[in-house]
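Work through these exercises with the model open beside you. Try each task before you read its solution.

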Amino acid sequence: MKILICTKRDLEGTLFLNQALPALAGHEIVEVWLSDKNRQAEDQVPELGHLRFLERTLPIDLVFPLVDHLLEGHPQPPACATLHGLETRHGLRTRVVDGVNGPEARARMAALAPDLVLVARFSHLFDADTIAIPPQGILNIHPGHLPEYAGLYAPMRAVTDGRSHFGTSVHWITPGIDDGPLIKVIPSPIRRDRCLLSQGGELYPVALPTVLEVLAGCAAGERPAGTPQDRRQRRYRSLPSAAEFDALARQGMPLWNPAAYLATLNRFLPPGMVLPNLPLPLAA
């Protein structure tokens, strides 16, 4: 099948692509669209600004360009590839998009003619006209147990609510927000001895076996319809406040862990190379 992938231009989006692209090797990836959206609240809540730095500014704007230069002509590929490295490794075309519902974006999607659009960690909403372009629809990977954890920062809300498990929901996209028919919810245990940043990024790849099942069904002419969500249980939440980050700290879970974060960045370097300890001026 022809697939258009939509994800975020950040560290977790890059890690997701490193696992999704090999898993989808039997399909044609027509393009990868990247969102790069900044929200005003990220400048108002300190922890949101910290996460923007850790997820986008440091890896995407600073480290990855240096890694790309370092890898020129290097004989041993790293375990994970940067966005530029993924383009080379998989023969991809990637583009940053400001939206998906304008005439230019719709024309581009129609020209690519994907059978299905796969979305994970994407910051733009799709309207009905855009959803109608791919004949099999738009499939989303949401890092929260739907319908209870619709919206943003669902993993964090699961922790602060005292849940024992995260949930990764695979569902069809409708013109609403996280309210389309559910295919499956995959539970993952919450470990309070690990940081939220690391665990949250791991919730997207666990959905790939379900995505492959959906693709197989679509290819066989048996597209799974999914189950309508119970709107009585729906709870939508937007960006968290400083008080909610305080509640996370009271649960005993760090927002991020410097050693784990550095280990993740080192996966983008060739074997035998490591980054020096970075002077990160942020508290864990």
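Helices (H or I, at least four residues) and strands (E, at least two) are DSSP runs, numbered from the N terminus. Arginine 121 is found in the loop between β4 and α5. This is a predicted model, in which local features need pLDDT of at least 70, side-chain atom pairs count only at pLDDT 80 or more, and totals for chains, interfaces and linings use all residues. Residues are numbered from 1 along each chain as its sequence is written, and side-chain values use heavy atoms, with hydrogens and water left out.

**Exercise 1.** Find which residues of helix α9 are buried and which are exposed.

*Solution.* Start with the cut-offs: buried means under 20% relative accessible area, exposed over 50%, and partly exposed in between (1.4 Å probe, protein chains only). Helix α9 spans residues 242-250, and its buried residues are Phe245, Ala247 and Leu248. Their directions, taken from the helix axis to the C-beta atoms, fall within an arc of 150°, so they line one face of α9. Ala249 and Arg250 are exposed on the other side of α9. Next, look for partners, where contact means heavy atoms within 4.5 Å. The buried residues of α9 pack against α2 (46-70), α6 (154-160) and α7 (196-201).

**Exercise 2.** At what angle do α1 and α2 pack?

*Solution.* Axes are lines fitted to C-alpha atoms, for helices over the stretch in contact, and angles run from 0 to 180 degrees between N-to-C directions. Helix α1 (residues 11-23) meets α2 at about 70°, and the axes are 7 Å apart. Angles of 65 to 115 degrees count as roughly perpendicular, so α1 is roughly perpendicular to α2. On the α1 side, the contact is made by Leu11, Glu12 and Thr14; on the α2 side, by Leu54, Glu55, Pro59, Ile60 and Phe64.

**Exercise 3.** Which residues does the cis peptide bond join?

*Solution.* The cis bond joins leucine 146 and proline 147, with omega about 10°. Proline 147 lies in the loop between β5 (138-142) and β6 (150-151).

How values were computed: Angles under 35 degrees count as roughly parallel, over 145 as roughly antiparallel, 65 to 115 as roughly perpendicular and the rest as oblique.
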